[in-house]
Amino acid sequence: MTYARFLGLFVVLPILFLLVRYRRTLTARGLAPMGLLLVVVYAATSPWDNLAVKWGLWGFKPELIWGIKLGYLPLEEYLFFGLQTLLVGLWARERLRRVLEAPEPQKRPAEEPGAPKPRLDAEEVAS
(Lines give C-alpha, C1' and ligand atoms only; values in the text may rest on other atoms or scores of the structure.)
Protein backbone atom coordinates (compact mmCIF):
# COMPACT_ATOMS: atom_id res chain seq x y z
CA MET A 1 0.00 0.00 0.00
CA THR A 2 1.37 3.41 -0.92
CA TYR A 3 1.77 6.11 1.70
CA ALA A 4 -0.81 8.26 -0.13
CA ARG A 5 -3.37 5.44 -0.12
CA PHE A 6 -2.75 4.87 3.59
CA LEU A 7 -3.35 8.56 4.26
CA GLY A 8 -6.51 8.53 2.19
CA LEU A 9 -8.03 5.48 3.82
CA PHE A 10 -6.98 5.88 7.43
CA VAL A 11 -6.67 9.63 7.90
CA VAL A 12 -8.52 11.63 5.22
CA LEU A 13 -11.70 9.50 5.22
CA PRO A 14 -12.06 9.68 9.02
CA ILE A 15 -11.48 13.46 8.87
CA LEU A 16 -14.22 13.80 6.26
CA PHE A 17 -16.53 11.67 8.41
CA LEU A 18 -15.89 13.91 11.44
CA LEU A 19 -16.40 17.08 9.40
CA VAL A 20 -19.76 15.84 8.12
CA ARG A 21 -20.78 14.41 11.49
CA TYR A 22 -20.02 17.58 13.46
CA ARG A 23 -20.66 20.20 10.76
CA ARG A 24 -23.30 21.93 12.91
CA THR A 25 -20.89 22.59 15.77
CA LEU A 26 -17.77 23.51 13.76
CA THR A 27 -16.96 27.21 13.62
CA ALA A 28 -13.88 29.13 12.54
CA ARG A 29 -13.44 30.33 16.12
CA GLY A 30 -13.69 26.79 17.46
CA LEU A 31 -11.14 25.49 14.96
CA ALA A 32 -8.65 28.36 15.33
CA PRO A 33 -6.65 26.69 18.14
CA MET A 34 -5.89 23.81 15.77
CA GLY A 35 -3.98 26.24 13.57
CA LEU A 36 -1.64 27.00 16.44
CA LEU A 37 -1.39 23.32 17.24
CA LEU A 38 -0.39 22.58 13.63
CA VAL A 39 2.43 25.14 13.84
CA VAL A 40 3.72 23.47 17.01
CA VAL A 41 3.43 19.98 15.50
CA TYR A 42 5.36 20.90 12.35
CA ALA A 43 8.01 22.84 14.30
CA ALA A 44 8.58 19.97 16.72
CA THR A 45 8.22 16.98 14.40
CA SER A 46 9.97 18.07 11.20
CA PRO A 47 13.51 18.40 12.61
CA TRP A 48 13.31 15.14 14.53
CA ASP A 49 11.94 13.12 11.62
CA ASN A 50 14.46 14.60 9.18
CA LEU A 51 17.32 13.65 11.49
CA ALA A 52 15.93 10.17 12.07
CA VAL A 53 15.78 9.49 8.33
CA LYS A 54 19.20 11.07 7.76
CA TRP A 55 20.72 8.84 10.47
CA GLY A 56 19.02 5.75 9.03
CA LEU A 57 16.66 5.07 11.94
CA TRP A 58 13.89 4.59 9.38
CA GLY A 59 13.24 5.34 5.77
CA PHE A 60 10.71 5.29 2.96
CA LYS A 61 10.61 2.93 0.00
CA PRO A 62 10.81 5.05 -3.16
CA GLU A 63 8.17 2.96 -4.95
CA LEU A 64 5.63 3.69 -2.19
CA ILE A 65 5.92 7.48 -2.12
CA TRP A 66 5.30 10.24 -4.66
CA GLY A 67 9.00 11.10 -4.88
CA ILE A 68 8.65 14.72 -3.75
CA LYS A 69 10.95 15.29 -0.78
CA LEU A 70 11.41 18.25 1.53
CA GLY A 71 14.70 17.68 3.28
CA TYR A 72 14.92 13.95 3.90
CA LEU A 73 11.17 13.42 4.21
CA PRO A 74 8.62 12.69 1.50
CA LEU A 75 5.70 15.07 1.10
CA GLU A 76 3.37 12.36 2.41
CA GLU A 77 5.13 12.42 5.80
CA TYR A 78 4.48 16.15 6.13
CA LEU A 79 0.86 15.57 5.13
CA PHE A 80 0.66 12.89 7.81
CA PHE A 81 1.83 15.34 10.51
CA GLY A 82 -0.91 17.80 9.67
CA LEU A 83 -3.72 15.43 8.81
CA GLN A 84 -3.20 13.27 11.89
CA THR A 85 -3.20 16.39 14.04
CA LEU A 86 -6.48 17.49 12.45
CA LEU A 87 -8.02 14.04 12.91
CA VAL A 88 -7.17 13.82 16.61
CA GLY A 89 -7.96 17.50 17.14
CA LEU A 90 -11.44 17.24 15.62
CA TRP A 91 -12.20 14.12 17.64
CA ALA A 92 -10.85 15.58 20.91
CA ARG A 93 -12.62 18.90 20.34
CA GLU A 94 -15.96 17.18 20.04
CA ARG A 95 -15.37 15.03 23.11
CA LEU A 96 -14.41 18.11 25.11
CA ARG A 97 -17.41 20.06 23.84
CA ARG A 98 -19.75 17.27 24.94
CA VAL A 99 -18.24 17.17 28.41
CA LEU A 100 -18.29 20.95 28.86
CA GLU A 101 -21.86 21.31 27.57
CA ALA A 102 -23.28 18.30 29.41
CA PRO A 103 -26.26 19.13 31.62
CA GLU A 104 -25.82 18.99 35.36
CA PRO A 105 -26.90 15.64 36.80
CA GLN A 106 -30.25 15.80 38.57
CA LYS A 107 -30.01 15.67 42.32
CA ARG A 108 -32.33 13.27 44.09
CA PRO A 109 -34.21 14.33 47.19
CA ALA A 110 -32.72 13.16 50.46
CA GLU A 111 -33.91 9.69 51.35
CA GLU A 112 -35.65 8.95 54.63
CA PRO A 113 -33.71 6.71 57.02
CA GLY A 114 -34.78 3.09 56.71
CA ALA A 115 -36.51 3.62 53.35
CA PRO A 116 -35.56 1.15 50.63
CA LYS A 117 -32.99 2.47 48.22
CA PRO A 118 -34.26 3.01 44.69
CA ARG A 119 -32.96 0.62 42.06
CA LEU A 120 -30.88 1.90 39.20
CA ASP A 121 -32.40 1.73 35.77
CA ALA A 122 -30.47 0.57 32.71
CA GLU A 123 -29.69 4.13 31.55
CA GLU A 124 -28.05 5.03 34.87
CA VAL A 125 -25.97 1.85 34.85
CA ALA A 126 -24.80 2.43 31.28
CA SER A 127 -23.65 5.99 31.99
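This is a predicted model: local features need pLDDT of at least 70, side-chain atom pairs count only at pLDDT 80 or more; totals for chains, interfaces and linings use all residues.

User: How many aromatic pairs does a search of the whole structure find?

Analyst: The search finds five aromatic pairs.

User: Why is the pair of Tyr-3 and Phe-60 called stacked?

Analyst: Ring centres must lie within 6.5 Å to pair, and planes under 30 degrees apart count as stacked. For Tyr-3 and Phe-60 the centres are 6.1 Å apart and the planes are at 15°, so the pair is stacked. Tyr-3 lies in helix H1 and Phe-60 in the loop between helix H2 and strand E1, so the pair ties together parts that are 57 residues apart in sequence.

User: What makes Tyr-3 count as buried?

Analyst: Buried means under 20% relative accessible area. Tyr-3 has 15% relative accessibility, so the label is buried.

User: And why is the pair of Phe-6 and Phe-10 called tilted?

Analyst: Stacked needs planes under 30 degrees apart and edge-to-face needs over 60, with the rest tilted. The planes of Phe-6 and Phe-10 are at 45°, with ring centres 5.2 Å apart, so this pair is tilted. Being four residues apart in helix H1, the two are separated by about one helical turn.

User: Which nonpolar surface patch includes Phe-6 and Phe-10?

Analyst: They belong to a patch of about 710 Å², with Leu-19 also among its residues. Patch residues need over 30% relative accessible area; Phe-6 has 34%, Phe-10 has 46% and Leu-19 has 34%.

How values were computed. Residues are numbered from 1 along each chain as its sequence is written. Side-chain values use heavy atoms; hydrogens and water are left out. Patches are made of residues with over 30% relative accessible area and no salt bridge: like charges are joined within 9 Å, nonpolar side chains (Val, Leu, Ile, Met, Phe, Trp, Tyr) within 5 Å. Accessible areas come from the Shrake-Rupley method with a 1.4 Å probe; for residues, only the protein chains shown count as cover. A salt bridge is a side-chain nitrogen of Lys or Arg within 4 Å of a carboxyl oxygen of Asp or Glu. Buried means under 20% relative accessible area, exposed over 50%, partly exposed in between (1.4 Å probe, protein chains only). Rings of Phe, Tyr and Trp (its six-membered ring) pair if their centres lie within 6.5 Å; planes under 30 degrees apart count as stacked, over 60 as edge-to-face and the rest as tilted.
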